[in-house]
Amino acid sequence: MEYSKLNNDIIIRLNSPKFRVSFEKGKFFDMHNLLVKKGVEGEEKIKPIVREFSEIMKEGIAQFSLQNNLPLSILMKFLDEMQDIYLDPRKYLDFEVISILIDVNKEFMKDKPGFTTNRKITMELQSQKGCAKVIIPEDGNITHFYSLDCKEWIEDFSMYRNLLYSLHPTISEINEIVNFMKKVI
């Protein structure tokens, strides 16, 4: 699932075995059924799909968060409010935090035979002072990165930690993420 807002244009992309739809610049595109709708008709088509997709994702996120003790309440709040497709993603950010990336993924293991996968969680936080990223694979080999621009990353735990301890977010969900990233060693 992808939600972005660029130049006041909403972009929603939902991909699953059941759905392959997008809503961009007021147009609804259904790739499975080869359907395009514009304006109000497009909005009416995307809203029930977003509602269903959000509920499915909330169930999975709640279970995954409990199993792995992850701070994913910001995602739950976002999914609740996303059902009105015209939300403002900036309200989830703090005056110190410019962007957040939470990526839960699986990667194929190169050194294992067959199609062995390892779940990997990446959390990236961008602030006015720099960027911090932590990668937490299932095998427990955690890596911490720091960057000034979120493009050129260096593996530096002390800079990572200093940045996180310099942040004092006012939004509880952001604070939850910062505190989690401080604890992950």
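This is a predicted model: local features need pLDDT of at least 70, side-chain atom pairs count only at pLDDT 80 or more; totals for chains, interfaces and linings use all residues.

Colleague: What is the general idea, and where do Glu 55 and Lys 58 lie?

Modeller: Side chains of opposite charge can pair when their charged atoms come close. Here both Glu 55 and Lys 58 belong to helix H1, three residues apart, about one turn of the helix. Glu 55 is partly exposed at 36% relative accessibility, whereas Lys 58 counts as buried at 15%, because buried means under 20%.

Colleague: Which parts does the pair of Glu 96 and Lys 129 tie together?

Modeller: Their side chains meet in a salt bridge of 3.5 Å, N to O. Glu 96 lies in the loop between H2 and strand E6, and Lys 129 in the loop between strands E7 and E8, so the pair ties together parts 33 residues apart in sequence.

Colleague: Is Lys 133 buried or exposed?

Modeller: Lys 133, in strand E8, is buried yet has no salt bridge. The nearest side chain of opposite charge, Glu 124, is 4.2 Å away; a salt bridge requires the nitrogen to be within 4 Å of the oxygen.

Colleague: How is the packing of H1 and H2 described?

Modeller: Two packed helices are described by the angle between their axes and the distance between the axes. The axes of H1 and H2 come within 10 Å and cross at roughly 165°; the two helices are therefore roughly antiparallel. Their crossing is left-handed. Among the residues that meet are Lys 58 in H1 and Asp 80 in H2.

Definitions and conventions:
Residues are numbered from 1 along each chain as its sequence is written. Side-chain values use heavy atoms; hydrogens and water are left out. Helices (H or I, at least four residues) and strands (E, at least two) are DSSP runs, numbered from the N terminus. Buried means under 20% relative accessible area, exposed over 50%, partly exposed in between (1.4 Å probe, protein chains only). Lys and Arg count as positive and Asp and Glu as negative; His and the chain ends are not counted. Axes are lines fitted to C-alpha atoms, for helices over the stretch in contact, and angles run from 0 to 180 degrees between N-to-C directions. Angles under 35 degrees count as roughly parallel, over 145 as roughly antiparallel, 65 to 115 as roughly perpendicular and the rest as oblique. A crossing is left-handed if the near helix is turned anticlockwise from the far one by less than a right angle, and right-handed if clockwise. Contact means heavy atoms within 4.5 Å.
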